[in-house]
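Subject: A structure for you to explore

Hello! I am passing a structure on to you, and below it you will find my notes on what turned up. Please keep the structure open while you read.

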Amino acid sequence: MKRKIIFALIFAVLFAACTGRKTKKEDMDTMNKVVASATPDDMFLLVGTYTSEGGSQGIYVYKFDTETGKSDSLSLAEAVNPSYLVVSPDEKFVYAVGENGDGESTAVTFAFDKGRGVLQYLNSSNTESPGPCFIEIDKTGKSVLTANYGGGSISVFQVNDDGTLSSADPVIGFEGSGPDTTRQESSHLHSVRFSPDGKFLFAADLGTDKIYRYNAIGSVFEGQPVLSQASLKEFSTPAGTGPRHFDFYPNGKYFYLLGELSGDVIVYDYDGGDLKEKQVIATDTVEGLRGSADIHVSPDGKFLYASNRLKADGIAIFSIDPDDGTLTKAGYQPTGRHPRNFVITPNGKLLLVASRDDNKIQVFTINNETGLLTDTGQDINVSKPVCLKFATM
């Protein structure tokens with residue numbers, strides 16, 4: 001009797017193992033078929049998350065139809081707190097921050113197998129400064145930079161021939177403070193982006209109410225930094241702004257800064273790397289919001305969108321005057337809880353919102369005439385989504 005039980009248990013284990021292998025192969029076959037069936041309207045959607053035990057495990061990859069808003073899950077690349085992503089110009093690599101504390105903060109490299117929709121881990125490099133929350137790559141694909149909120153710094157990495165990252169060098173630190181003694185006790189770099197022409201790097205410092213600008217070096221050779229540190233220029237914003245994210249008008253003539261603490265969008269004329277303030281407009285009427293997050297101009301330059309969290313969660317909608325870049329309030333779209341990052345499809349038809357605390361990505365259609373949003377109801381359920389990026393299929 002005992003021998004029969006033992007044989008039965010062995011058979012059950014072997015059967016389960018074989019079934020597991022079959023299921024994994026079937027999943028891979030299904031994934032390959034989904035990628036192979038892509039149409040010109042389909043794109044890869046990459047989702048960065050905050051990870052946790054029993055929650056998200058890293059970066060999720062989907063097939064996304066930019067006409068209908070429908071999506072299909074493809075793969076997962078395990079990573080710890082990959083809260084912001086950037087895709088290389090040739091789309092062969094994806095870089096993510098590991099938003100962690102001292103000694104554990106990283107920039108992580110993945111090879112992007114677009115034939116299967118899979119990210120493969122290559123290497124990670126310590127940012128040498130805590131709390132990286134934004135990552136950027138130059139137009140040549142040779143330099144990657146992180147904005148480190150906790151360390152008040154920018155980490156610069158060179159990209160090796162195989163796509164992996166070098167050690168951080170230099171790590172550029174900043175000093176200063178602002179009037180908000182809770183949030184602005186020291187420098188907190190929140191984003192770094194190159195200008196559309198690639199000639200300058202701009203950085204937003206929430207802690208000091210400043211925007212920093214560096215000249216970018218166009219042809220970087222091995223061992224040469226992408227930035228000229230001696231070229232630093234500072235632009236002060238109104239006290240208590242808390243600069244977070246910013247975007248450029250499609251033709252590069254205007255610069256839009258979102259203040260996390262003030263809840264304002266500041267409009268600047270942009271000319272040859274210089275900023276001239278021309279308008280300040282509130283993203284919402286809730287007083288003391290202190291939770292604005294992300295900002296994007298629509299691809300056609302007709303509308304600007306900005307997300308607010310903590311109170312009245314939603315997206316503020318503005319129309320843009322094409323003659324001078326100034327903004328007029330057009331509407332407000334409530335969203336799920338804590339709308340952090342959002343993204344607009346390249347065709348300008350859909351806007352996707354990472355509603356972190358509702359564990360979902362909401363898909364909205366954009367009215368081309370008014371800029372207003374309509375929820376399609378085609379939510380993508382994923383734990384703690386915080387960053388959304390597209391890549392071609």
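**The largest pocket**

Strand E29 gives five residues to the lining of the largest pocket, the largest share of any element. Before I go on, please note that this is a predicted model, in which local features need pLDDT of at least 70 and side-chain atom pairs count only at pLDDT 80 or more, while totals for chains, interfaces and linings use all residues. Residues are numbered from 1 along each chain as its sequence is written, and side-chain values use heavy atoms, with hydrogens and water left out.

The pocket has a volume of about 1200 Å³. Its lining is made of 39 residues, and those nearest the centre are Glu136, Arg193, Asp247, His296 and Lys389. Two or more lining residues come from each of E4 (85-87), E8, E12 (189-194), E16 (243-248), E20, E24 (339-344) and E29 (385-392).

How is such a space found? Rolling a probe the size of a water molecule over the atoms shows where empty space is left. Here a 1 Å grid over the protein atoms alone is used: a pocket is an open set of points with protein on both sides within 12 Å along at least five of seven lines, a cavity is a set where a 1.4 Å probe fits but cannot get out, and lining residues have an atom within 4 Å of a point. Grid points are joined across faces, edges and corners, and a volume is the space filled by probe spheres set on the points.

**The cavity**

How many cavities of 30 Å³ or more does a search of the whole structure find? It finds one. The largest cavity holds about 80 Å³ of space. Its lining includes Ser83, Tyr84, Glu99, Cys133, His190 and Arg244. E16, E20 and E24 each supply at least two residues of this lining.

**Strands and hairpins**

Strands of a sheet pair through backbone hydrogen bonds, either parallel or antiparallel. In these notes, two strands pair if DSSP finds at least two bridges between them.

An open sheet is formed by four strands in the order E8-E9-E10-E11, with antiparallel pairing. Its edge strands, E8 (132-137) and E11 (171-173), each pair on one side only. Inside this sheet, E9 (residues 143-148) and E10 (residues 153-158) are joined by six bridges, and Thr146 stands opposite Ser155 in E10.

Strand E6 (residues 106-113) is largely enclosed by the rest of the structure, because seven of its eight residues are buried. Buried means under 20% relative accessible area, exposed means over 50%, and partly exposed lies in between (1.4 Å probe, protein chains only). E6 pairs in the antiparallel sense with E5 (residues 93-98) over six bridges, and Tyr95 stands opposite Thr109 in E6. E6 also pairs with E7 (residues 118-126), in the antiparallel sense, over eight bridges. E6 and E7 make a hairpin with four residues between them, and Gly117 in the turn has a positive phi of about 75°.

Strand E14 (residues 210-216) is mostly covered, with five of its seven residues buried. Its antiparallel pairing with E13 (residues 200-205) runs over six bridges. E13 and E14 form a hairpin with four residues between them, where Asp209 in the turn has a positive phi of about 60°. E14 also pairs with E15 (residues 227-236), antiparallel and over six bridges.

**Two loop residues**

Ser298 sits in the loop between E20 (292-297) and E21 (303-308). Is Ser298 buried or exposed? Ser298 counts as buried, because its relative accessibility is 5%. A polar contact (a pair of N or O atoms within 3.5 Å; within protein, one must be able to donate a hydrogen and the other to accept it, and residues adjacent in sequence count only if both atoms are side-chain atoms) of 2.7 Å joins the side chains of Ser298 and Asp300. The Ser298 side chain also reaches the backbone nitrogen of Lys302 at 3.3 Å.

Gln378 lies in the loop between E27 (373-375) and E28 (380-381). With 23% relative accessibility, Gln378 counts as partly exposed. A polar atom of its side chain lies 2.7 Å from the backbone oxygen of Thr68.

Enjoy exploring!
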